[in-house]
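Before reading this note, please have the sequence and the model open side by side.

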Amino acid sequence: MTATTIPPVESYAPGTVTRAPEGSLSGSASLLLGLGAVSLLGSLGGYFMLDHDTQEHFQFSYLVSYMFTLSLALGALFFVLVQHVARAGWSIVVRRIAENMTASFVALFVLFIPVILFSDTLFAHWMHADLDPKSPGFDALIAAKSGYLNKPFFFSRAAAYFAIWLGLAWFFRSRSLAQDENGNPAVSLTLARTSAPGLILFGLAITFAAFDWMMSLNPHWFSTMFGVTYFAGAEMSFLALLALFCLWLRKKQLLSVVNTEHYHDIGKLMFAFMVFWSYVNFSQYFLIQYADLPEETVWFQARRLGNWPLVGAALVIGHFMVPFVFLLSRHIKRSRLTLAVAAVFLLFMHWVDMHFVIMPNHADHFSLSWFDVTTLLGTLCVFLGLTVRGVASTNLIPVRDPKLRESMRFVNI
């Protein structure tokens, strides 16, 4: 060992479990992946037995499930990037879980194929728009946006987004895993320097992906805040999942190094992004309500039909008021049970939010069908199964990160 090599955690913290015993997580990974595959295959098989109108509903439901699951991976990628750029010490013991979540982008790229196949229906408003000014169905606004909203550019942008996400996920995870072997402290400095431009690319990709895959469902409406709202919900839901994942591993006696202090910080960040989501959504609503411009209010008009106002009210209460009061106390965030309750509840509310954003473009009332459940189970279980498989095949924590000792001794303020 050279003077510049970081010793493994076992040298200063004997008895620390750094790797899951062989086979201890394989059953869980196989179960999740099997359930995901069965759910997706069953969903797609049942799709061809539906009538035309119900098939359209299925396509929008799949998009809801996909954007929900994608948000978890995107939240994990942002977490990894921001911890490196801040050179944070407290998060080292939970960062490897986030890194393994980002490894699922390959599967998410494959799961995006149905969105491509359904694109003629999902984005029919602009994909099949008549751009002839002399045509009676000519839409001047869509024609003005045709330079951006056209099939070749749309699919090219999608490829660029995944290239950015896959590239960032691979770069940061692979080097973090390599540091486990070589103990080179320079790796941490390289990752910290690279994470700043990585955050810029990440911000652009998630913003325009939200524009393309959700906001363009109604091309007559636009909001520059839309990408930020999706990002805020994505990070909040990832933090909720991170808390649950750590608690699950702790129950299996695999991640006892994550203690009450770390759960407290995860809870604080989850609370912060929940409030941030509420702030951005209120700001968007306030500005649109105040300006009262037809090209902006059309989004809210669609959500005043049927029982959608009840869903909107549920988001105000369940996505902000209830969790705000519940998570305000430090005792709630430091209790594993109450933190788990809050995490499950916020994940559910994030799914409701995705439903509220996407489904009114198709249906004038809120309703649930069997494929709302099966498509969500399919995409989510594949994501979780691959994450568990990644956790089983790597060290549970970055065993030679230069700030690991600081993270293990972390005390909250």
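1. Basis. This is a predicted model, in which local features need pLDDT of at least 70 and side-chain atom pairs count only at pLDDT 80 or more, while totals for chains, interfaces and linings use all residues. Residues are numbered from 1 along each chain as its sequence is written, and side-chain values use heavy atoms, with hydrogens and water left out.

2. Helix H3. Helices here are DSSP runs of H or I with at least four residues, numbered from the N terminus. In H3, 11 of the 11 residues are buried, so this helix is largely enclosed by the rest of the structure; buried means under 20% relative accessible area, exposed means over 50%, and partly exposed lies in between, with a 1.4 Å probe and protein chains only. Among the buried residues of H3 are Arg 95, Arg 96, Glu 99 and Asn 100, together with Ile 92 and Met 101.

3. Thr 102. This residue belongs to helix H3, which covers residues 92–102, and its relative accessible area is 3%, so Thr 102 is buried. A polar atom of the Thr 102 side chain lies 2.5 Å from the backbone oxygen of Glu 99. When residues up to four places away in sequence are not counted, Thr 102 touches Ala 73, Ala 76, Leu 77 and Ala 169, where contact means heavy atoms within 4.5 Å.

4. The largest pocket. Its volume is about 800 Å³, a volume being the space filled by probe spheres set on grid points that are joined across faces, edges and corners. A pocket is an open set of points on a 1 Å grid over the protein atoms alone, where a 1.4 Å probe fits, with protein on both sides within 12 Å along at least five of seven lines, and lining residues have an atom within 4 Å of a point. The lining of the largest pocket has 33 residues, and Asn 281, Tyr 285, Phe 300, Val 316 and Phe 356 lie nearest the centre. Two or more lining residues come from each of helix H11 (226–251), helix H12 (260–291), helix H13 (294–302), helix H14 (308–327) and helix H16 (336–358). By class, this lining has 19 nonpolar, 10 polar and four charged residues; Ala, Val, Leu, Ile, Met, Phe, Trp, Tyr, Cys and Pro count as nonpolar, Asp, Glu, Lys and Arg as charged, and the others, Gly among them, as polar.

5. The second largest pocket. This pocket holds about 410 Å³ of space and is lined by 16 residues, with Leu 241, Leu 244, Leu 347, Leu 380 and Leu 384 nearest its centre. Helix H1 (26–47), helix H2 (52–85), H11, H16 and helix H17 (370–393) each give at least two residues to the lining. That lining divides into 15 nonpolar residues, one polar and no charged.

6. The loop between H11 and H12. What is the accessibility of Leu 254, buried or exposed? Leu 254 lies in this loop and is buried, with a relative accessible area of 5%. Leaving aside neighbours within four places in sequence, Leu 254 is in contact with residues including Val 17, Pro 21, Ser 24 and Leu 396. From C-alpha to C-alpha, Leu 254 and Ser 24 are 9.7 Å apart, although 230 residues separate them in sequence. Gln 253 is also placed in the loop between H11 and H12, but Gln 253 counts as exposed at 67% relative accessibility, and its phi is positive, near 60°.

7. Aromatic pairs. The whole structure contains 46 aromatic pairs, a pair being rings of Phe, Tyr and Trp (its six-membered ring) with centres within 6.5 Å; planes under 30 degrees apart count as stacked, over 60 as edge-to-face and the rest as tilted. Phe 162 and Trp 213 form a stacked pair, 5.9 Å centre to centre with 25° between the planes. Phe 162 lies in helix H9 (residues 151–182) and Trp 213 in helix H10 (residues 186–213), so the pair ties together parts that are 51 residues apart in sequence. Phe 162 is buried at 1% relative accessibility, and Trp 213 is buried at 0%.

How values were computed. A polar contact is a pair of N or O atoms within 3.5 Å; within protein, one must be able to donate a hydrogen and the other to accept it, and residues adjacent in sequence count only if both atoms are side-chain atoms.
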